[in-house]
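The following note was prepared for a colleague who wishes to review the model point by point. Please read it beside the sequence and the coordinates.

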Amino acid sequence: TPLNNDKVSRMKEHPFLRLAPWLICGMIALVIGTHFRLYPLTHNVASDEYEGATMLVLAKVRATITEQVHARFPGMPSGEKERLIQSQFNEVLRKDNAKLRQAFDQVGRELIKRTDQKKHYLQESDSYYFLDLTRNILDHGDVSARVDGSRYFNEKMLAPVGYWEPQTWHPYIGAWVYRAARTINPDMDLMTALGFTPIVLFPLVLAAFLMACRALGCGWPAAFTASMFFILAPIYLQRSTYAWYDNDTYSVLFPVLNLGLMFLALRSMDDLKKMVFWGALAGLSCGLYARFWTGWGFSWGITLAALALMTGRAFFFRETRSRRFALLVAVVSGSTLLFLIASIGIK
């Protein structure tokens, strides 16, 4: 009946029902992405345990071959037996290399369980630079005793002279992750806890990506397909796995977030309040990016250059929205600068 059709139509228009497929896709992508990003924690075997496991497995293989040779050729001279054992041992290493490596990993994980090892080392050298800064925050309340605007004095740089380094908020995020991890497991050491930082940030990146897809007008099937390619892209997967305590994640998060917010602003040109709101958030995302990576200006410059071209085109063709484009340029650039002045000062 017409009444029932109206009821079904209203149900389809309900915001939750429209967002439900996106939420489901996001949860699936989050589970898959997190699973692979936890591999260094769940599958990696530390070097000491791996070496011990290698010796145990190879000794077992050689002992098995030795027993078989002695059983089959009891009267063979000892020198010939040793050469035959070594030959068969080398053949096993060549043919069953993949199986042996799996055995190394499996035995190594068993050794870790027996020794109750709880420390997991960070990946990549820059992670230890940020580890040192995070330890300063936890021990002394800040990255350095001398902080000036967007810089801090690092006594270990160019030792013994020291050097004024750009200050980022990444070590503070790590300190927060460490404190949160300690509430769950009070015995967790600093390196193991900091390794979860990229895992904590991953849902934010995925949410920003799906938001950008929706702002670009993509349907949820296309957005889900794109998100799988995005979260499993080797370069991003590597630099957002467990224990990769570097600031690479922010160079994915903020440009993608800025893109989505900019398109929301451009799609709201007919509604002045919405345009200003989304434009201000886009500028704020650029400002936040500046607090995590010194190369933030590339993203900001590209954003403003694109808006300037749109504004010039609108004025050239005398479009009615030309002034709205100019206002959007002012809102984006102004909100970025205001945030930076508020967070680090005019200097």
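1. Basis of the note. This is a predicted model, in which local features need pLDDT of at least 70 and side-chain atom pairs count only at pLDDT 80 or more, while totals for chains, interfaces and linings use all residues. Residues are numbered from 1 along each chain as its sequence is written, and side-chain values use heavy atoms, with hydrogens and water left out.

2. A cis peptide bond. The bond that joins A159 to P160 is cis, and its omega is near 5 degrees. P160 belongs to the loop between β2 (151-154) and β3 (163-166). Here strands (E, at least two residues) and helices (H or I, at least four) are DSSP runs, numbered from the N terminus.

3. Positive phi at E124. E124, a residue other than glycine, has a positive phi near 70 degrees. Its place is in the loop between α6 (97-115) and α7 (126-140). With a relative accessible area of 27%, E124 is partly exposed; buried means under 20%, exposed over 50%, and partly exposed in between (1.4 Å probe, protein chains only).

4. Positive phi at A243. A243 is not a glycine either, yet its phi is positive, at about 80 degrees. The loop between α12 (234-238) and α13 (250-266) holds A243. A243 is buried, at a relative accessible area of 3%.

5. The largest pocket. Its volume is about 440 Å³. A pocket is an open set of points on a 1 Å grid over the protein atoms alone, where a 1.4 Å probe fits, with protein on both sides within 12 Å along at least five of seven lines; lining residues have an atom within 4 Å of a point. Grid points are joined across faces, edges and corners, and the volume is the space filled by probe spheres set on the points.

6. The pocket lining. Of the 21 lining residues, L23, L206, A207, L210 and M211 lie nearest the centre of the largest pocket. Two or more lining residues come from each of α2 (15-37), α10 (197-215), α13 and α14 (272-290). α10 gives the most, with seven residues. The lining divides into 18 nonpolar, two polar and one charged; Ala, Val, Leu, Ile, Met, Phe, Trp, Tyr, Cys and Pro count as nonpolar, Asp, Glu, Lys and Arg as charged, and the others, Gly among them, as polar.

7. Cysteines. The structure holds zero disulfides, a disulfide being a pair of cysteine sulfur atoms within 2.5 Å. For C218, the nearest cysteine sulfur is that of C213, 4.9 Å away. C218 is partly exposed, with a relative accessible area of 31%, whereas C286 is buried at 3%.
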